[in-house]
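Here are my notes on this model, point by point. Please read them beside the coordinates.

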Amino acid sequence: MTNKVLPFIILMMIILASCNNGTKEEVAVKADTTLITVLNFEKQADSLIDKPVFIEGTVLHTCKHGGKRMFLVDGTDSIRVEITAGPTIAKFDESLIGSRVRVLGTLKEERIDTKYLNEWEAEVKKPEENHQVGIHSGAKGHEDQGMQEKLDQIKALREELKNSGKDHLSFFSVEGISFTILK
Amino acid sequence: MIRRKTLRRWNNALHRDIGYLCVGMTLIYAISGIVLNHFKAGDFQHPDYSKSFTNLTVPLPKNGNVDQQYVFSVLDRVDSRGNYKSHVPGEGYVQIFLKNGSLYIDTRSGEAQLEKKTTRYIIKEFNLLHYNNLKKFYTWFSDIYAAGLIILAITGLFVIRGKNGIIGRGAWLTAIGILLPALFLILM
């Protein structure tokens with residue numbers, strides 16, 4: 001009897017696991033949650049740092065290194081919003097690409113200053129580079145960038161930082177709490 | 001004082017039972033380990049999906065206007081209208097997302113690339129566990145598994161007695177197993 005049941009139980013466990021690694025019901029929606037759009041993200045982000053937000057868009061890209069981030073667009077890909085997987089999201093599966101989703105999350109700011117760029121440059125020059133460091137653009141092929149392309153990106157950011165007249169550049173993203181796929 | 005014979009019996013019983021318990025997780029980590037290893041080495045595009053690419057040439061959009069009609073007309077040529085999910089136009093290109101891949105079209109030259117992907121079922125789930133994407137209790141579970149492996153390794157040294165045991169052939173093989181990764185660290 002055991003011989004017949006055990007392989008079935010194992011198979012069922014694998015199937016259940018595969019059905020349970022993506023969309024979660026939206027939880028703990030706070031009253032002050034703001035609905036923002038991809039197209040107005042940059043304008044609105046500054047005033048919503050560390051606040052809960054809803055954002056809707058089409059998934060343009062998911063990170064193939066563990067599915068820890070995805071990028072949303074709306075109509076055009078000239079504006080992309082980075083969504084990172086918070087502790088309650090297992091991963092952003094590649095099957096989400098092209099789907100329209102609504103994400104509940106917390107708006108985060110990442111500050112890029114000279115020290116950050118120096119550390120990133122040092123990391124890029126290492127033989128075994130850490131994929132998690134640096135700025136992720138979501139552009140086609142950005143994950144397969146070579147060392148020179150990344151160094152060019154760092155150089156461009158240095159230039160942008162210099163021209164900004166500030167001591168840092170701000171990059172905004174949403175740390176996802178949950179998401180739903182819209183029909 | 002516990003006799004040596006009793007200690008060995010406990011050692012072997014521990015090794016046997018923990019070994020049985022660790023079989024499932026060991027296979028999961030080993031199989032996904034091979035996949036992730038070769039993914040990191042650049043041998044394939046994605047750990048969870050196998051992908052194939054076909055280059056083709058498609059008609060240019062009339063007046064450069066990428067609309068739904070144009071997208072569907074191109075999809076009809078590659079027999080993929082039924083797989084349409086959405087499309088996102090960019091500066092000089094359009095990305096059409098399909099249920100089983102995507103179609104990237106350079107709308108200036110008409111050159112296109114059709115990507116078709118197939119899910120690596122089971123391996124995809126193994127990778128999910130290997131990356132610890134589930135977090136929460138799975139972190140504890142995988143820690144316990146790792147501790148089990150440590151116990152397996154140590155008890156494994158003392159399973160066999162005599163010339164094939166840890167005071168004979170086993171010592172040489174154990175030393176080789178430790179030296180090989182050390183050599184990689186030193187030489188590479």
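1. What share of the contacts in chain A with a separation of 6 or more comes from residues 24 or more positions apart? The share is 67%. Two residues are in contact if their C-beta atoms, placed from the backbone, lie within 7 Å.

2. Ground rules. This is a predicted model: local features need pLDDT of at least 70, side-chain atom pairs count only at pLDDT 80 or more, and totals for chains, interfaces and linings use all residues. Residues are numbered from 1 along each chain as its sequence is written, while chains are lettered from A and ligands numbered from 1 in the order in which they are written.

3. Chain A overall. Its secondary structure comes to 4 helices and 6 strands. Helices (H or I, at least four residues) and strands (E, at least two) are DSSP runs, numbered from the N terminus. Along the sequence of chain A the order is α-β-α-β-β-β-β-α-α-β. Of the 183 residues in chain A, 28% are buried. A residue is buried if 20 or more other C-beta atoms lie within 10 Å of its own, exposed if 12 or fewer, and partly exposed in between, with C-beta atoms placed from the backbone.

4. Strand pairing in chain A. Two strands pair if DSSP finds at least two bridges between them. Strand 5 (residues 100–112) of chain A runs antiparallel to strand 2 of chain A, with 7 bridges. One bridge sets A:Val53 against A:Gly105 in strand 5 of chain A. Strand 5 of chain A is also antiparallel to strand 6 (residues 169–181) of chain A, through 12 bridges. There, A:Thr106 has A:Glu175 in strand 6 of chain A as its bridge partner.

5. Helix packing in chain A. Helix 3 (residues 114–124) and helix 4 (residues 147–164) of chain A pack at about 170 degrees, with their axes 10 Å apart. That angle makes helix 3 of chain A roughly antiparallel to helix 4 of chain A. Axes are lines fitted to C-alpha atoms, for helices over the stretch in contact, and angles run from 0 to 180 degrees between N-to-C directions. Angles under 35 degrees count as roughly parallel, over 145 as roughly antiparallel, 65 to 115 as roughly perpendicular and the rest as oblique. Helix 3 of chain A brings A:Leu117, A:Trp120, A:Glu121 and A:Val124 to this contact. Among their partners in helix 4 of chain A are A:Leu151, A:Ile154 and A:Arg158. By class, the contact of these two helices has 7 nonpolar, no polar and 3 charged residues. Ala, Val, Leu, Ile, Met, Phe, Trp, Tyr, Cys and Pro count as nonpolar, Asp, Glu, Lys and Arg as charged, and the others, Gly among them, as polar.

6. The core. The largest nonpolar core has 44 residues. Such a core is a set of buried Ala, Val, Leu, Ile, Met, Phe, Trp, Tyr and Cys residues joined through C-beta atoms within 7 Å. The residues with the most contacts inside it are A:Ile55, A:Met70, A:Leu72 and A:Val81. Not counting residues up to four places away in sequence, A:Met70 touches several residues, including A:Val59, A:Ile83, A:Phe92 and A:Leu96.

7. Strands of chain B. Strand 3 (residues 93–98) of chain B has 5 of its 6 residues buried, so it is largely enclosed by the rest of the structure. Strand 2 (residues 84–90) of chain B pairs with strand 3 of chain B in the antiparallel sense over 6 bridges. In the hairpin of these two strands, with 2 residues between them, B:Gly92 takes a positive phi near 85 degrees. Strand 3 of chain B also pairs with strand 4 (residues 101–106) of chain B, antiparallel, over 6 bridges. That pair too is a hairpin with 2 residues between the strands.

8. Helix 3 of chain B. In helix 3 (residues 123–130) of chain B, 7 of the 8 residues are buried. Among them are B:Ile123, B:Phe126 and B:Leu128. Just after this helix, B:Asn132 takes a positive phi of about 55 degrees. Helix 1 (residues 4–40) of chain B crosses helix 3 of chain B at roughly 95 degrees, and the axes come within 9 Å. That makes the two helices roughly perpendicular. The contact of helix 1 with helix 3 of chain B has 8 nonpolar, 4 polar and no charged residues.

9. The contact between the chains. It takes 20 residues from chain A and 16 residues from chain B. Helix 1 of chain A gives the largest share of the chain A side, 3 residues. The chain A side divides into 7 nonpolar, 8 polar and 5 charged residues.
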